[in-house]
Amino acid sequence: MTITNNPERLLMIQNLTELLQKYGEQVALQWAKHLHENVSDHYAARPFEELLTTTSQSSRANFDAIVYGDYSKVDAFIAKICDLRLEGGFALSEVQKAFEIYRQILVPILVKELKGDTLLEALQRLNDCLSRTIFAFSDYFLHMTNARLIEKQKKLDEDLQAAAGIQQSLLPQKLAKQPKFENLDIAWKFMPCETIGGDIFNVIRLDEDHLGFYMIDVSGHGVPPALVTFSISQTLQPHMGYTIRKRPGLSPNYEIVPPGEVLKALDSEYPWERFEKFLTIIYLILNIRNGHLIYSNAAHPPPILVHADGTTELLETGGTIIGLDGILPFEEEEKIISAGDKIILYTDGVFEFTNEKMALFGKERFHALVDSKNGLPIANILEEIVLEIQRFVGSAKLQDDVSILGIEFKERNATTQHSPQINLTIKD
């Protein structure tokens, strides 16, 4: 509170006090009417009695600020109103406009009742009061809004972490949960560029002799493509009928669906107009007893088949992206996989990224890297690929998800011909 012994200032304060007390109820009433009728739908929706209570309290708080320079009631009122208005969905601009109305109502009264220096002093005090009030509203309002945004972001992050956990659960599972075949090693790497990504891959048991391998890349990052990958991963589960077809009354009572037919079914189930996402997939079926491989590729980066002698070939046979309503057939190709052969499946994230100097890693560098490491066990090859990616990227951020799935076909011992085991190496 400001104390003064100046007679002229004391007289000015006395006149201003009498004036604000005289017109206090009238100002509060006119203010409430303007709020109800002229500011926004939010104010119009509030009961008039509530608005009158608010303007009366604000007028009393402004009285202490204008006459005595005491802003304690103004500050308390701001905190209360911010809570109410934020809960009611009000924008900051609406609240600011509401307090400008107080100025519009009070200024003509001051001009009518006061003269000379007294009028100028009163107008200055009114402006100081409203400027401080509006700035305080802005700071408080924005602080509370930011706090709520932080809380919402925290909840979103928690949800994304939960979704990432679900996505991880759809990848090849740990050793104890996998079927075991001694003549097969499997390793994988998954590095999403965000919490969750648009890549998914897995190994599915089709029957005693056959495993299915797929890798999918849905365009984009974050939640929308991840939802598509979740859906497709469930669609490809054997019990869904897309990869295993039941044949009741026949022996055997099922048949394994060829890769081309699987891709054709996905093409029908996931049309472009449904998700507006590019979707590529490679699907392979491997007979783990005799090494017979059949696959079809829907515009996915072609897996690398590394033969035991060091030569390589790409598994490119197939068709176009999923979702184009069968404009091209999904062709199939068969291979015989021998002991020592390896297959590396991957998404384009393993080579379509740049470092801090904007240099592209590129396909040639990736293929050369695989060639230089082809004598290593499959898990070590994948480890070297990831290390080279990390060295190349440096401080830059990956622009796409990185997914790699490796398969190595090994010689079976005669004693294990009828006791197949899989050696699954998890690299995550």
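This is a predicted model: local features need pLDDT of at least 70, side-chain atom pairs count only at pLDDT 80 or more; totals for chains, interfaces and linings use all residues.
I begin with the pocket. The largest pocket has a volume of about 270 Å³. Its lining consists of 13 residues, and those nearest the centre are Leu20, Gly24, Glu25, Ser59 and Arg60. Helix H1 (7-39), helix H3 (48-68) and helix H5 (92-113) each contribute at least two lining residues. The largest share, seven residues, comes from H1.

Is Gly198 buried or exposed? Its relative accessible area is 0%, so Gly198 counts as buried. Leaving aside residues up to four places away in sequence, Gly198 touches Ile216, Asp217, Val218, Gly220, Pro225, Thr229 and Asp401. As for Asp401, 203 residues separate it from Gly198 in sequence, yet the two C-alpha atoms are 7.2 Å apart in space.

The peptide bond from Ser251 to Pro252 is cis, with omega near -5 degrees, and Pro252 lies between strand S4 (244-246) and strand S5 (254-256).

Ala299, although not a glycine, has a positive phi of about 60 degrees. Its loop joins strand S7 (292-298) to strand S8 (304-306), and at 37% relative accessibility Ala299 is partly exposed.

Met358, likewise not a glycine, has a positive phi of about 65 degrees. Met358 belongs to the loop between strand S12 (342-346) and helix H10 (362-372). Because its relative accessibility is 64%, and exposed means over 50%, Met358 counts as exposed.

Definitions and conventions. Residues are numbered from 1 along each chain as its sequence is written. Side-chain values use heavy atoms; hydrogens and water are left out. Buried means under 20% relative accessible area, exposed over 50%, partly exposed in between (1.4 Å probe, protein chains only). Contact means heavy atoms within 4.5 Å. On a 1 Å grid over the protein atoms alone, a cavity is a set of points where a 1.4 Å probe fits but cannot get out, and a pocket is an open set with protein on both sides within 12 Å along at least five of seven lines; lining residues have an atom within 4 Å of a point. Grid points are joined across faces, edges and corners, and a volume is the space filled by probe spheres set on the points. Helices (H or I, at least four residues) and strands (E, at least two) are DSSP runs, numbered from the N terminus.
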